[in-house]
Amino acid sequence: MTATTAAPYEVSQRARSTRRRPVRHRAAGPLFVAPFLVLFVLLFLAPLAYAAYLSLFQHRLIGGTTFVGLDNYVTAVSDPLLIRGVLRVATFLVIQVPVMLLLALLFALALDSGLLRLARVVRLGIFVPYAVPSVVAALMWGYLYGPDYGPFAQLSKAFGLAMPRFLTDGWMLGSLANIVTWEWVGYNMIILYVALRAIPHDLYEAAAMDGAGAWRIAWSVKLPALRPALLLTMVFSVIGSFQLFNEPNLLQRIAPDVIDSAYTANLYAYSLAFTSQQVNYAAAVSFLLGIVIVIVSYALLLTANRRRSS
Amino acid sequence: MTTATMTSRGTATADRAPRPAGRRRSAVNRRSIPLTIAMLAALAYFLLPLFWLLVASTKSTQDLFTTFGLWLSDSPQLLTNIWATLTHDDGVFVRWLVNTLIYAVASSLGAALLAAAAGYGFAKFRFRGDRAAFNLVLGAVMVPTTALAIPTYLLFAKVELVNTPWAIILPSLVSPFGLYLMRIYAQDAVPDSVIEAARIDGAGELQIFFRIAMRLLAPGLVTVVLFTLVATWNNYFLPLIMLNDPRLYPITVGLASWASQAVGGGSGANSDMLALVVTGSMLSIVPLVVAFLLLQRYWQSGLATGGVKQ
């Protein structure tokens, strides 16, 4: 990315029309891109490289830091705590992401149908949680879930019903899924909604002319047009789920017996680095987690693209 | 990259679709009451925690545990709570608010400027390696921020940036998604003919960028600013690991530390911290919710750009 690298296929063009493209701005493209790329290398690639480097070492009280090759990775892939965390996050993902995206899709279709009164109020209201920090969201829901003082518990007590036990072992993953869904449905809904508004209306008229009803149009015209937007929301949701940290970290304070320090893969990496000071192993774990996310995201994109082309 | 006019159209259609009057009239007749009721029920779910937060911030810690969660207590004390929150511990909450504001504004303006320059550079210039560099940055969207945060912390610890505001601002300056948006936006919003005309008039490339392109890029810039602002404002993981000094905390980490005091110190209703956590949470979301309501046209058009084009 130096100033001397002139564009290869512009050279011939420039030779032909030197007046339109003076040599003066030959370096301008790299110049505009450089500040971003420099910071990108320093703040993105360098930490990744550093993590890769660190993950190859081990620190022992006796003997100091030694090169151990891929030992940390071998330990990580058979570490029951990490496997449990990854599996838990995977379970979460497989249930929460489809539910959230389906809800977002239904809301977007309802808003786009023109059948709704107060559509503007509904749209903004569903989106508002996106502006709420996940810390605040977890604090609010944590309180609402409360077994004695939470309003759900109070209501079920008043009606003599069985107490919902949101913060117990069996319910916790669902309770976390509810918080994440609450936070992100609106964001995904808006992406899908805006994509729906961009569909040319001639398509609906043509479909209606062919005798398609509202449902048929939604299924055969709107859904295929939503593909790229759905894929985008799906990839972002998968990346987000694997990184699950804030919500369990906050709920840990009120349910310490249920959420341990390895509840999600990310919590585990965090506590390795900052509680047990196993920096090298933490680097290997977070590097591994990053690789898993990239593989799953790519697999998702590839399957979607293959299905489209076939 | 086929929908060339999407960015401008997304803005207009998202809010008030310019449709023929006759159609709008028929749409009014078609409004569905069951669907409206279903959507209002959904809306209740999304607004319930916020309603609870509003009600709860009028209560003393004692009342938070003893009165019904979804209604006011006998002695509302919103102003007392706000005053207590703002003055607790020598006004540390105000400090957190100011910190958050500084981090968020510096990060978002810096990120938007870098993304705009780089997006413009990628969109309007051809140079060696431009495609490879762009794809590399785009691929970085998939690298999870939390997996990146631990190595970034270790690297920053080496160069003694940990526990300074730079530890929060620097990593937020690189926004791959912002670059992606700005590149697409620059492609359409800055016509080649305008650049050529300015060149013929003898303007330098930097002059063209700052005096002409930046003006045309303004709506896209606002979108990137808004999204980076929210991301930094809501960020919890990065400041949690980077900062030890409570006086440097942003509001998210500050609230979480108060919350753990409310749970840990003082047994339940005896601690006064909980009312502060609740009122602080309420105060912390007001600025963003207001910003989103005021600027909705911009974020919707921004999502249109990102979500529709693939």
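User: How many helices and strands does the secondary structure of chain B have?
Analyst: This is a predicted model, where local features need pLDDT of at least 70, side-chain atom pairs count only at pLDDT 80 or more, and totals for chains, interfaces and linings use all residues. Residues are numbered from 1 along each chain as its sequence is written, chains are lettered from A and ligands numbered from 1 in the order written, and side-chain values use heavy atoms, leaving out hydrogens and water. Helices (H or I, at least four residues) and strands (E, at least two) are DSSP runs, numbered from the N terminus. For chain B, that gives 16 helices and zero strands.

User: What share of chain B counts as buried?
Analyst: Buried means under 20% relative accessible area, with a 1.4 Å probe and protein chains only. Chain B has 310 residues, and the buried share is 55%.

User: How is α2(A) oriented relative to α7(B)?
Analyst: Helix α2 (residues 28-54) of chain A packs against helix α7 (residues 145-158) of chain B with axes 8 Å apart, at about 90°. Axes are lines fitted to C-alpha atoms, for helices over the stretch in contact, and angles run from 0 to 180 degrees between N-to-C directions. Angles of 65 to 115 degrees count as roughly perpendicular. So α2(A) is, relative to α7(B), roughly perpendicular.

User: Which residues of α7(B) make the contact with α2(A)?
Analyst: Contact means heavy atoms within 4.5 Å. The α2(A) side includes L42(A) and F44(A), and α7(B) brings L148(B), P151(B), T152(B), L154(B), L155(B), F156(B) and K158(B).

Key
Buried means under 20% relative accessible area, exposed over 50%, partly exposed in between (1.4 Å probe, protein chains only). Angles under 35 degrees count as roughly parallel, over 145 as roughly antiparallel, 65 to 115 as roughly perpendicular and the rest as oblique.
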